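I set out to look up how the chains of this model are built and where they touch. My entries follow the order in which I checked them.

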Amino acid sequence: MSNKPKFAMYWAASCGGCEIAVLNIHEKILDVDANFDVVFWPVAMDAKYKDVEEMEDKSILLTLFNGSMRNDENEKIAHLMRRKSQILVSFGSCATEGCVPGLANLFPVNEIMDVAFHTVTTDNPNNILPQTSFEVPEGTLHLPTMNSRVKTLAQVVDVDYYMPGCPPESHQIAAVVDLVIQVLQGKAQLPPKGSVIGAGNSTVCDECPRARNVKMIKAFHRIQEVAPLDPTLCILEQGVPCNGPATRSGCNARCPRVGAQCIGCYGPAEGVLDYGARLVTAFASVVDAKEPAEIESILDGIPDPTGQFYRFNLADSLMRASTSNWKKNGH
Amino acid sequence: MSEQFEPVIVGFTCNWCSYRAADTAGTARVKYAPNVRLIRLMCSGRLDPTFVMKALAGGADGVLITGCHPGDCHYIEQNYKALRRFLLLRRTLAGLGVEPGRIKLIWASAAEGLKLAHEINQFVEEVRALGPLNWPKWNDQPAEIDAVKEVA
Amino acid sequence: MSENTPNKPKIGVYTCHCGTNISSMVDVENVRDWAKEHLGSEGVIVSRDYKFMCSSLGQELIEKDIKELGLERVVVAACSPHLHEKTFRGASERAGLNPYLTEMVSIREQVSWVHTDKVVATAKAKSLIAGTVERVAQNAPLEKLKVPINANTLVVGGGISGIQAALEVANAGFHVYLVEREPSIGGHMAQFDKTFPTLDCSACILTPRMVEAGSNPNITLLTWSEVVSVTGFVGAFNVTIKKKARFVNEELCTGCGICWEKCPKSVIDDVYEAGLGYRKAVYTPFAQAVPKYPVIDKPNCTFFQKGTCKACEKFCPTNAIDFNQKDEYLNVEVGNVILATGYDLFDAGRVTNYGYGRLPNVFTSMEFERMCNASGPTGGEITLRDGITKPQTVGIIHCVGSRDKNYNNYCSTICCMQSLKFAHLVKERTGADVYEFYIDMRTAAKSYDEFYQRVLDEGTLFVRGKVAEVTDAARQPHEKGKLIVQVEDTLIGKQRRIPVDMVLLSIGMEPRADAKETGKLFGISCSSDGWFMERHPKLDPISTMTEGIYIAGCATGPKDIPGSVSQGAAAAARVLDKILQKEVELEPIRASVNENKCSGCRICNNLCPFSAISFMPELGITRINPALCQGCGTCVAACPAGAISGTGFSNEQIFAQIDGILMGI
Amino acid sequence: MSNYIFYPGCSMEGSAKAYYDSLNAIKGSLGMNLQEIDDWNCCGATEYVGMNLVPAYSLIARNLALAANQAKGIDTVMAPCSACYLNLEKADYYMAERPTLGEKVNEALAAGGLHYDPGSIQIRHLLDVIINDIGLETVKSKVTNPLKGLRVAPYLGCMVPRPDYQHRWSDFEHPSELDDVLKALGAEVIDFPLKTNCCGGHMTQIGPETAYELIRRLVSSAEENKADIMVTVCPMCQMNLDAYQAETNRYFGTNFHMPIVFFTQLMALAFGKTPKEAGFGMELTSTKDALAQIGKDVPAPAAVKPGKKREGLPMPAPRLRKYAGGKVTSE
């Protein structure tokens, strides 16, 4: 074993996009290998939990932890990695704010199970549901238990840094890798604990090249209904709900640049308590009407406000979950 | 205290009309339900939806938002902006299972102490009828694995 | 992220008994001890109660603690902050604590006076106090903003109220721009014959003031002019005034009057003569007009319409006529503005059942004023439309367009007295029988009711009831050829039909048709009735929500002459106070943009009615002008990036207050 | 051609036949295409709504329901009779304003397989249609013999301009519409002070004295203003002032002679139709002198052939009846 600092990456409830994004840093990955000893990275190399368990506490220098806390296995490993790592980075939208898995918090777990195992797409004549433990001659098999609610990493363990994005932009990952390496070489200082790294501290509009004017919106449309979209003008101004104004910068306005509205994967700007609330007030502020009836009819243009505003952030929002989720789960 | 459920309601008032309406009600010794705790803002336009969410998530069963009558806003027209936010916020909260009846926007001029008292009583009854909301106190401090129940 | 700061500031909580006003319904001692025990962890190091916190002894209590215990925050649980916030912030300031670190909790108006269960009331008081304790910990010391004051003043409207205001400011030695839409100052008062209740000749008492205003070196008189744009803020307004072309050179004109003698074109005078008389196409509205220079009424001038005539030019001894004159635009810098834009008269034609415009002998109050006026169209003769016949019986109808949900709900306040005045004049000059049809008699001012008694003694007949209709359709022979006033006499409970020769409609006052636009121009608002809105209807009736803009006279609501004059003077006093302070202090409740966070999304750009928010294209960010900002906080709540913060009511303060209020739950 | 669903109402076929005939005489030149509501029923006139709302409004709403079904793109039902017009308006207005009433009415309609959604069809009076759709210019253009020198008193009655739910009329005390039409015909229109006063309605049946006084006021005022003829838009008004003028004279010992006709009759004359086509000759108070003013003659009323004199009592004579006691009770 070399005495290079140890690096780990883990994948909890997430899609794997974060891993791809890491590989997307191209030759930089070699720097990672040159400077680190990769000790644990299930998606890239074979490793067993018990190997990690046997490591010394704090023996891993840097762990990029992606994925949200969907089940007890996720949480166990979260605690494990916390114990073993010096720097634990909440990596990507799932770990940081729950992301799409977090939308499960709009429903009770059993309903989710039903949808997964009883809908027409699932041929399940005998209503078989996964059991958390199952007896076989060889002994008992175990499946992880679903949490009542999807949580963010920070809601389960203490986190050193946050790195938003679905997935984090590769150039940002590269920048972070560089930073850590420079710190190792004593050329740089780590930012204060708890800070957001690999992102800007303004919002997407800051990096968006589109022209912006005073906004007076008489109707909201879905993007496919506005054709052709003016390629040079602010998307929100064209009546398409764009989450850019409230979403942390750092992605270099990737979606608006290619003519798609921002859907908010970089999460809230610095110091914001509730991401959705910012969008509620932002969109309401540009509605150009005074009569309740007219306002309502304009707002009908946003058919699913909750989804629009909380696609990525629900698990980390003030409300965290819908009543149906926690009431049915007998919270 | 009676047996019936006593809702906890956080109220937001503007400094010029509705807060003074509360003063007027007081000066006139108008009696009304004690369930509402008022927070003074300069204008209903100051109302950040975050305030409402924080109140509900923090244990309030309902939120009352009050401002000057349309056209009478001391800042000319900011209460209209409050109205727009309120309407979108109500839709958003509905998506999270918060009954629209739990947040209410009313206009009250400085002179309308009686009206404010009446509206408060009415709202308290409406929320009482909806029952407790008691949003969970999410256990946020990173802790040991919290017990997960069997599901399915 | 808003979570409370680790080391809390030292907080003192002071709970007031207010005699027994509070202590009768809130267990004050219990609150005091609770605050010490339960809020200790929140930074409360001292908690006291006192009979009257607002008394000098109560205040000294606080000052002493600030000095001796080094309090960093103060919470006073007593009455409404609207009563004593100044008091207690003053106390803190005297003790060397920034006033904005002191907050009040209203446990009288919001608790003891409105609840009936002492246990519940006490609990509510506690939660309100907890909220404010959490909040005050987040308060930041603030300094009042200071803005220098330009000593020039703009007065809009040359009626009696505006004239009064202009004179007061000018006589104090400061410059005034007096802007009037019409060719002469004087306003409605110049049209009246007599003024109630003294029956002074209106012109006789008004003219000297007009002349004074016209000749005062400190007053720049801008008649036939209108304000077209206003920018800037208290202390430094920049105003553009349009001087409409008079087509008369003011340097050369002597006001001799030959031009209007010679002018061949006479026009019905709808303004000054209320449509009852004529004027020429070149004219001054009336003999005592100030300034004396006439104007040429372009749309009615033969030369401007047909290209020939120029009679006025031919005969003008000083060649003052100048058909090529153009509108001028004047730019002036002023520190304060007084709006005395007056009122419009209710259009009597709207009440079709009173037949105005259909039945020739139905007159409006203003028509009658002109008719009574010696300088008016009939030379003061009271006659029917034919100009000859003297009326035998006259009916005066009150509240025309006022106190009526079909038109205006409000009382126009002057109509009762004006009607009594008319009754007196009719009797005095024609001896006719006079009926007054009133809903209620409202003669509530100095020696007004005495005048009412006098008119009663003169034998005027009073019928209490709202007139249903005025018709010329006779039912009985004795009604033939008369105007019949159909009314329910509510004192005898009968319908009556009273035949008269002449009907006077005491028409009410209405806000200027363009009051709303004027309001927008100066950044002030109108009430639902359309009158300019005061900062406080009782305690601050002449200032508005916009610093440096004052309102006076009927622009704020119906008023009699004494009322308008005193408001003019009051507004002037306010302006002088500002001028003499040399700079204004503004409440430091303001919004500001964190330029690193601002992404220039421009969501907030259309939110500020005071145009304090402006976008900086070159920087791609938005800025807020603190002097224009009124502190409403709408933009703070709107900023999607959380880049705008507001002093005095910051997110952190409100979040903390919510936490505090819900602490017990 | 502008199309209207047409609700004639009962009187048009009886007492107000002159109205009907004259309307038919002019509708062509005005380019009006009238589609009569199939199977319409009485509107209940002025009494029924005073007795029992639900049946009354059901009676009215049935016509609206039929009209709506028949509409086929036509959005307006036109009624020439003031009472009909007001009733239809009322039903439409109150069904919307009082949902429970609306439901009850629709329940009743459902029995006949009908349904009416208030507001689904416009309800307008003939005069309104002529003024606002056809327009005065068109009317002027059709005038071939102007009614020069004919002094007319325009009399609307009380039901057309009040309460004016839809704000269609210039004023509810002194509307100018009728005056304008008559002026367009070249007539000399007096400013009739009582143009919206009541004619007594059905008081002629239940309290004649009251009705006579109201009629007297109207007629005398018209005479005072030197009108040759009164013109109305309402069958009820026409009937009362025409048929009861003699009664009124008898009651007050006056000697009024004030003919009253429908405005459409004068329109027809002005458009060059013959007095007969214009429905003259059916009135009881002769229009002879009036028509003489414009050099027209009144057609002799269709000779009523003398009915054969009835003999004896109209009802069977009382018969002797015996009762169990065998005692004769009447002879």
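**Contact between chains B and C**

I began with the contact between chains B and C, which takes 40 residues from chain B and 40 residues from chain C. I note that the model is predicted.

I then looked up which elements of chain B give two or more residues to the side that touches chain C: they are helix 1 (18-27), strand 2 (36-41), helix 2 (49-57) and helix 3 (78-95). Helix 1 of chain B gives the most, with six residues.

**Domains of chain D**

I next turned to chain D, which is divided into domain 1 (2-125) and domain 2 (144-292). The centres of the two domains of chain D, taken over C-alpha atoms, are separated by 24 Å. I recorded 23 residues of domain 1 in contact with 26 residues of domain 2 in chain D.

On the domain 1 side of chain D, helix 1 (17-27), helix 4 (82-97) and strand 4 (122-125) each supply at least two residues. Helix 1 of chain D gives the most to this side, with eight residues. I listed the residues of this side as eleven nonpolar, seven polar and five charged.

**Chain A as a whole**

Last, I checked the fold of chain A, which has 13 helices and nine strands. Its C-alpha trace spans about 70 × 60 × 30 Å along the principal axes. Of the 331 residues of chain A, 50% count as buried.

Note on methods:
Residues are numbered from 1 along each chain as its sequence is written. Chains are lettered from A and ligands numbered from 1 in the order in which they are written. This is a predicted model: local features need pLDDT of at least 70, side-chain atom pairs count only at pLDDT 80 or more; totals for chains, interfaces and linings use all residues. Helices (H or I, at least four residues) and strands (E, at least two) are DSSP runs, numbered from the N terminus. A residue is buried if 20 or more other C-beta atoms lie within 10 Å of its own, exposed if 12 or fewer, and partly exposed in between; C-beta atoms are placed from the backbone. Two residues are in contact if their C-beta atoms, placed from the backbone, lie within 7 Å. Domain bounds come from an automatic or database domain assignment. Ala, Val, Leu, Ile, Met, Phe, Trp, Tyr, Cys and Pro count as nonpolar, Asp, Glu, Lys and Arg as charged, and the others, Gly among them, as polar.
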